[in-house]
Structures are given as C-alpha cells and as structure tokens.
Amino acid sequence: MAYGTRQAGTSVWVKVLTRNFPIVLFLILAMVGMTAVYWFFSPADSSADDMFAAVTTYDGLTAPIYKNVPEKPVVQRLAQSPGPTRVAIIVGHRNSDSGAVCDDGLTEVEVNADIAERVYAQLTAQGIHTDLLDEFDPHLTNYYGTALISIHADSCVYYNDLATGFKIAGSSFTDSSQLSICVESAYRDATQMFYHENTITPHMTDYHAFREIALGVPAIIIETGFMNLDRQMITTQADVPAAGIANGILCFLDKQ
Ligand SMILES: [Zn+2]
C-alpha cells in the first residue's frame, strides 16, 4: 500500500512536468542564460576592490555628478562660553521695611543703601554690569548672573563687647564658596574687622533670594557690621566696607 502511494506520487510529478514542458524548458534556459551573462561580465577575480577599481578606471561612460547641497548649520558641541559678566546687589530691606533700627532713628535700610550704592558705583566704574535690586525685587525670580550679593547690617542693640564684626552666608542651592572666600578676605583686608562666626542664623543661610534666583548663580548675604559697635565703619566710613565688597567681587570675577 505504501509503495503504491509513492509510485502514484512520482507519476503525478512527471505528469505535471511533461504537461508544462514549454514553461519548464523556458525556466531552465533563462537560468542558464543569466548564469552565462553573469559569468561573462564578471572580472576574473571579482572582489569588491577589483570591481571598484574597474569602475573608477573605466571613464568612457562615467561622468562626475555635481549636486548642490545646502550648507548645514554648524552644531556647537562645546559648552557655550559664559555670557557677559553681570552682578546683582540687593539693597537689604529696600522697598520692604526698615530692618534694624537704632534708638536715634538710624535704620538698617539706610546703612545698606549707602554701602550698596557705593559698591554699585565702584563696580560700574570698572565696567561691570551691575543690577541694584530691592529686597523682594521682581527681577530676583530666576535671576541669571555671575554673582549675587545681598547687603545687610546687624542689630543696633548693644548685647556685649563681642557684638562686632561682619559675617557671610552662602547659598545652599549653588556652590558659593569661592564668592564667600573672596568677599570675606577682601572685606577683612579693607575694614580690618573680625569675622563674626557665631551669630550666623538660619535666617541668613535660608535667605529668600537664594531660593528665587536661577540655579547655578553663586550668591551670598553679608552682614557688614553691627550698627552699634561698628557704626562708624558702616556709616561715616562707608566707602571702606564698600571697597571691601567690590574688591571681593572683583576677586571672584577674576577666578571665573
Ligand atoms: Zn537685614
């Protein structure tokens, strides 16, 4: 039974082939013809390099193709160089409140404004673009610059003989250590005042402007002195602390 089936299967194929003999013959001839053409036109050793050499040396029927390609814009892969120098000075408490007040009516905002305006004048005289801002200036939102310094002064209350000196707190959002170091050392040099470390309050380190300005802008707040014991330095000699702050900023800009 199995043999009979196979016999039948073979004869079916033979029948199909003989019945379609012209088509089968055409397919065979076509295959032979194409092989012959391929063999005839292939170089003896038909590696890709030889083919390429054959094509490039045979110039009878080739011509260079010129195509107008528009110039592509150049993509800059290096980081952008920093923009022009721009420094912000916040006049502590300006257009907000008076800040600390002395018994005789001297206000912190007056002291801050006097020093800040002198810093502003010294920096702009050096050709540095400087923005003099209010305590809650709308420009502080996402402010982008090279540095920001907020100028304040300490209490006018006499606590003890240690309530003298200046202090600086840096932003906890952007590394501001270089700016702190520069201003601290220049301010000390100019005023010969002590750095008053012990009374830096969270109010200074969590200063509102640090949160408002753009990330990446070094920012510090400086308490220029106590309005009681350092009063003379930060009022009648205001040019001195102003020079200290301006020199500190120049030191920082120098290191950029
Ligand atoms: Zn203040």
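Here's a quick tour of the sheet, the helices against it and the metal site.

This is a predicted model, where local features need pLDDT of at least 70, side-chain atom pairs count only at pLDDT 80 or more, and totals for chains, interfaces and linings use all residues. Residues are numbered from 1 along each chain as its sequence is written, and side-chain values use heavy atoms, with hydrogens and water left out.

**The sheet**
- Five strands line up as β2-β1-β3-β5-β4 in an open sheet with mixed pairing (strands are DSSP runs of E, at least two residues, helices runs of H or I, at least four, both numbered from the N terminus; two strands pair if DSSP finds at least two bridges between them).
- At the edges sit β2 (129-133) and β4 (167-170), each pairing on one side only.
- β4 runs antiparallel to β5 (residues 219-226), with four bridges between them, and K167 stands opposite E223 in β5.

**Helices on the sheet**
- Helix α4 (residues 108-125) packs on the sheet and touches β1 (86-91), β2, β3 (147-154) and β5 (contact means heavy atoms within 4.5 Å).

**The zinc site**
- The zinc ion has H93 (NE2), E108 (OE) and H152 (ND1) as its protein donors, 2.1 to 2.2 Å away (donors are N, O and S atoms within 2.8 Å of the metal, or 3.2 Å for Na, K and Ca; water is not among the atoms, so sites may look incomplete).
- E108 belongs to helix α4 and H152 to strand β3, 44 residues apart.
- E108 is buried, at 4% relative accessible area (buried means under 20%, exposed over 50%, partly exposed in between, with a 1.4 Å probe and protein chains only).
- H152 is buried too, at 6%.

Note on methods:
Axes fitted to C-alpha atoms, helices over the stretch in contact; angles between N-to-C directions.
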